[in-house]
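Q: I would like to learn how to read a protein structure feature by feature. Can we take helices, strands and single residues in turn?

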Amino acid sequence: MTQDYTVLTVCTGNICRSPAMERLIAHVFADAVEEGLHVHSGGTFAHDGEDMQPPMKRRVEEYGAEAGGFTARQVTASMVEEADLILTATREHVDDVLAEVPGARARTFTVRELGRLLEHLRSLGEVKERIDELVGEGASSRDRLATVVPLLDEARRAAGGPGPEGDVVDPYMLPEDVYDESFRQISEPIEALAAVIRR
């Protein structure tokens with residue numbers, strides 16, 4: 001694989017959950033960003049032009065990721081069409097994405113569903129070894145990420161779609177502990193993905 005690879009993250013306002021997903025993915029896959037991984041985000045009802053909410057921004061910074069220079073924007077059909085992997089905050093956002101681009105189903109997951117499906121794959125055996133078989137042990141992180149997405153879709157067909165536990169809580173204008181919970185629900189699946197992808 002030589003082409004660039006694009007990850008799109010989606011929530012409602014594009015000022016809390018999807019910016020955190022965007023910046024954490026770019027952080028944990030910094031080597032893949034250098035290899036051609038692009039990560040960006042959008043909102044289904046975006047607060048166009050606004051910065052990430054300060055409580056989420058603080059958590060992103062404390063994690064060690066870059067939080068500056070963010071501007072919210074509306075997700076578009078072309079953004080969905082061009083994305084190789086789409087991670088949303090909730091099942092409703094999945095529905096919104098698929099209403100625009102029905103063909104994106106196989107590459108669209110809630111971020112918590114991602115974590116659950118990775119757990120399912122691990123229960124079936126050594127997922128890293130399976131990726132190695134498909135793409136080769138020396139493959140880049142970007143190429144390994146591209147290889148795992150069809151495996152996730154295959155696992156979803158076997159394990160079923162997400163239930164209510166597949167949604168990330170919306171912390172907008174809520175107390176700090178809700179931001180803590182939202183950030184945890186975002187960071188844990190992304191860390192699980194990184195653990196599978198890292199060489």
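Q: At what angle do helix H7 and helix H8 pack?
A: Two packed helices are described by the angle between their axes and the distance between the axes. Here helix H7 (residues 127-135) and helix H8 (residues 141-159) pack at about 115°, and their axes are 10 Å apart. Axes are lines fitted to C-alpha atoms, for helices over the stretch in contact, and angles run from 0 to 180 degrees between N-to-C directions. Helices (H or I, at least four residues) and strands (E, at least two) are DSSP runs, numbered from the N terminus. This is a predicted model, in which local features need pLDDT of at least 70, side-chain atom pairs count only at pLDDT 80 or more, and totals for chains, interfaces and linings use all residues. Residues are numbered from 1 along each chain as its sequence is written, and side-chain values use heavy atoms, with hydrogens and water left out.

Q: Which residues make the contact of H7 with H8?
A: On H7 they are Lys128, Arg130, Ile131, Asp132, Leu134 and Val135, and on H8 they are Asp143, Arg144, Thr147, Val148, Leu151 and Glu154. Contact means heavy atoms within 4.5 Å. Of these residues, five are nonpolar, one is polar and six are charged. Ala, Val, Leu, Ile, Met, Phe, Trp, Tyr, Cys and Pro count as nonpolar, Asp, Glu, Lys and Arg as charged, and the others, Gly among them, as polar.

Q: Is H8 mostly covered or mostly open?
A: An α-helix has 3.6 residues a turn, so residues three or four places apart point the same way. In H8, 14 of the 19 residues are buried, and the helix is mostly covered. Buried means under 20% relative accessible area, exposed over 50%, partly exposed in between (1.4 Å probe, protein chains only). From first C-alpha to last, H8 reaches 26 Å, close to the 27 Å expected at 1.5 Å a residue; the expected span is 1.5 Å times one less than the number of residues. After H8 comes glycine 160, with a positive phi near 90°.

Q: In what order do the strands of the sheet lie?
A: Strands of a sheet pair through backbone hydrogen bonds, either parallel or antiparallel. This open sheet has four strands in the order E2-E1-E3-E4, with parallel pairing. Two strands pair if DSSP finds at least two bridges between them. Strand E2 (37-43) and strand E4 (108-110) are the edges, each pairing on one side only. From one strand to the next, the twist averages 20°.

Q: How many bridges join strand E1 to strand E3?
A: Four bridges join E1 (residues 5-11) to E3 (residues 85-88). Valine 7 stands opposite leucine 85, and leucine 8 opposite isoleucine 86. On to E4, E3 has three bridges, and leucine 87 faces phenylalanine 109 there.

Q: Which residues of E3 lie on each face?
A: In a regular strand the side chains alternate between the two faces of the sheet. Leu85 and Leu87 are on one side of E3, Ile86 and Thr88 on the other, and all are buried. Helix H5 (residues 91-100) lies across E1, E3 and E4, at about 165° to E4.

Q: Is leucine 98 buried or exposed?
A: Leucine 98, in helix H5, counts as buried because its relative accessibility is 9%. Neighbours within four places aside, leucine 98 contacts Ala104, Arg105 and Thr108. Its C-alpha lies 8.3 Å from that of threonine 108, ten residues apart along the chain.

Q: What does valine 60 contact beyond its sequence neighbours?
A: Setting aside residues within four places, valine 60 touches Ala20, Arg23, Leu24, Met52, Ala65, Glu66, Ala67 and Phe183. Valine 60 is in helix H3 (residues 54-63), and it is buried, with a relative accessible area of 0%. Leucine 24 is 36 residues from valine 60 in sequence and 7.1 Å away in space, C-alpha to C-alpha.

Q: Where is asparagine 14?
A: Asparagine 14 is in the loop between E1 and helix H1 (17-28). Its phi is positive, about 60°, although it is not a glycine. Asparagine 14 is buried, at 0% relative accessible area. Methionine 173 also has a positive phi, near 65°, and is found in the loop between H8 and helix H9 (176-197). Methionine 173 is exposed, at 68%.
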